Amino acid sequence: MSERTRWGILATGGIATSFVQDLKLLPDAEVVAVGSRSAQSAQAFAGRHGIPRAYGSWRELADDSDIDVVYVATPHSAHYAATRILLEAGRAVLCEKPFTLDLTTTVELVDMARDRGIFLMEAMWMRCNPSVLRMVELIRDGAIGEVTSVHADFGVAGPFEPGHRMRAPELGGGALLDLGVYPVSFAHLILGVPEHVRAWAKIGPEGTDENTGIIFGYDSGAIAALTSGMLGQTALGATVSGTQGRIVVDPPFFRPDRFTLHREGAEPEVVELPRDGLGYLYEAAEVQRCLREGLTESPLVPHAVTIQVMELLDKVREQIGVAYG
């Protein structure tokens with residue numbers, strides 16, 4: 001690798017725009033190419049962001065050997081196809097969450113990356129956020145004692161019109177994959193894989209979930225109560241409670257700037273770590289660190305975590321009766 005990490009961007013939507021904006025805050029990052037299924041869209045995106053090369057297909061982007069890593073920013077229904085093309089071409093990949101639509105395709109991509117010795121990471125930015133990392137450190141150091149419960153919610157107001165991707169099962173629509181992945185990932189980050197999973201959802205006319213509740217149970221006695229929905233705006237908050245205190249994470253809990261530590265017998269402590277940019281630069285910096293060190297997976301977002309979270313999402317989906325495709 002050169003001193004600067006050369007990024008390719010696959011897709012040209014809003015999240016791709018946000019990611020490119022944050023990459024500009026990293027002095028050792030350079031966006032050198034963008035690819036889209038439309039040459040016109042790729043060229044327009046390249047023009048807006050000063051990107052030197054634009055490709056009208058994913059394959060052309062994948063075949064560009066002057067790229068160190070590609071960020072996949074398509075809707076999640078296309079994550080598998082896009083990432084597979086890139087891995088086949090030997091490109092390192094940072095793929096947006098949720099990694100794919102199901103466990104089978106997630107495991108397939110992870111196995112492909114491992115077999116070929118190629119870096120692959122899910123873009124779960126929450127796990128790279130400085131405030132989240134500090135919170136986890138405090139919990140592991142016993143700041144609130146043994147964790148007894150986790151609460152997290154992610155709901156948006158909607159309503160989404162018929163035909164919107166959030167209502168389309170063929171696009172992986174519904175609240176679970178788009179929004180619920182965050183509360184599920186948050187609970188997993190704190191408590192790991194639960195021994196018991198229970199879920200219920202209100203299902204919309206297209207067969208996708210509109211309002212979903214999830215309970216994780218752990219043999220330790222801990223529980224996680226998680227919700228996601230697209231019928232009403234929620235607080236976007238999270239709380240981790242323990243035998244000796246609790247931590248309340250400021251909204252949005254998946255991209256926080258601060259949290260408050262409540263210890264028994266002490267005044268609340270506000271821990272503030274203002275984020276830079278929109279919050280994407282931390283996962284990008286982690287990718288670049290891993291590439292410099294020759295790693296094929298990140299210790300912050302390891303393959304095992306991506307697989308475990310997807311397996312939980314599959315279990316929830318089975319219980320609520322949602323099928324994609």
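Contact is defined here as heavy atoms within 4.5 Å. The structure is a predicted model, in which local features need pLDDT of at least 70 and side-chain atom pairs count only at pLDDT 80 or more, whereas totals for chains, interfaces and linings use all residues. Residues are numbered from 1 along each chain as its sequence is written, and side-chain values use heavy atoms, with hydrogens and water left out.

The protein is divided into domain 1 (5–124) and domain 2 (127–278 + 309–320), with bounds that come from an automatic or database domain assignment. The centres of the two domains, taken over C-alpha atoms, are 26 Å apart. At their interface, 16 residues of domain 1 are in contact with 18 residues of domain 2. About 1,500 Å² is buried between domain 1 and domain 2, and carbon and sulfur atoms give 65% of this area; buried area is the accessible area (1.4 Å probe) that two parts lose on being put together, summed over both. In the unreviewed UniProt entry, residues 133–248 carry the annotation "domain: GFO/IDH/MocA-like oxidoreductase". Such positions are given in the numbering used here, feature names are shortened, and annotations may be inferred rather than shown by experiment. The annotated span is 22% helix and 36% strand, and its end C-alpha atoms lie 14 Å apart. Helices (H or I, at least four residues) and strands (E, at least two) are DSSP runs, numbered from the N terminus.

In helix 1 (residues 14–23), the buried residues are Ala16, Ser18, Phe19, Val20, Asp22 and Leu23. Buried means under 20% relative accessible area, exposed over 50%, and partly exposed in between (1.4 Å probe, protein chains only). Ala11, in the loop between strand 1 and helix 1, has a positive phi near 105° although it is not glycine, and is buried at 11% relative accessibility. A positive phi, of about 60°, is also found in Leu236, which lies in the loop between strand 10 (223–229) and strand 11 (238–242) and is buried with a relative accessible area of 15%. Most residues other than glycine have a negative phi, and most peptide bonds are trans.

Ten aromatic pairs are present in the structure. Rings of Phe, Tyr and Trp (its six-membered ring) pair if their centres lie within 6.5 Å; planes under 30 degrees apart count as stacked, over 60 as edge-to-face and the rest as tilted. Trp125 and Tyr280 are stacked, at 4.3 Å centre to centre and with 20° between the planes. Trp125 occupies the loop between strand 6 (120–123) and helix 6 (130–140), and Tyr280 the loop between strand 14 (269–272) and helix 8 (281–292), so the pair ties together parts that are 155 residues apart in sequence. Trp125 and Tyr280 are both buried. Phe186 and Phe253 form an edge-to-face pair, with 5.4 Å between centres and 75° between the planes. This pair links distant parts of the chain, 67 residues apart, with Phe186 in helix 7 (residues 175–191) and Phe253 in the loop between strand 12 (245–249) and strand 13 (258–263). The relative accessible area is 0% for Phe186 and 0% for Phe253. Ring pairs join these residues into a cluster whose members include Trp7, Phe19, Tyr71 and Phe154.

Pro183, likewise placed in helix 7, is buried with a relative accessible area of 1%. Pro183 touches Ala152, Asp153, Phe154, Leu226, Thr227 and Phe253, residues up to four places away in sequence not being counted. The C-alpha atoms of Pro183 and Ala238 are separated by 8.3 Å, although the two residues are 55 residues apart along the chain.

A cis peptide bond, with omega about -20°, joins Lys97 and Pro98; Pro98 is in the loop between strand 5 and helix 5 (103–116). Both residues of this bond are touched by His79, whose partners also include Cys95 and Phe99. His79 lies in helix 4 (residues 79–88) and is buried at 1% relative accessibility. The peptide bond from Gly158 to Pro159 is also cis, with omega near -5°.

The structure contains zero disulfides, a disulfide being a pair of cysteine sulfur atoms within 2.5 Å. The sulfur of Cys95 is 14 Å from the closest cysteine sulfur, in Cys128, which is too far for a bond. For Cys128 the closest cysteine sulfur is in Cys290, at 8.6 Å, again too far for a bond. Cys95 is buried at 0% relative accessibility, and Cys128 is buried with a relative accessible area of 4%.
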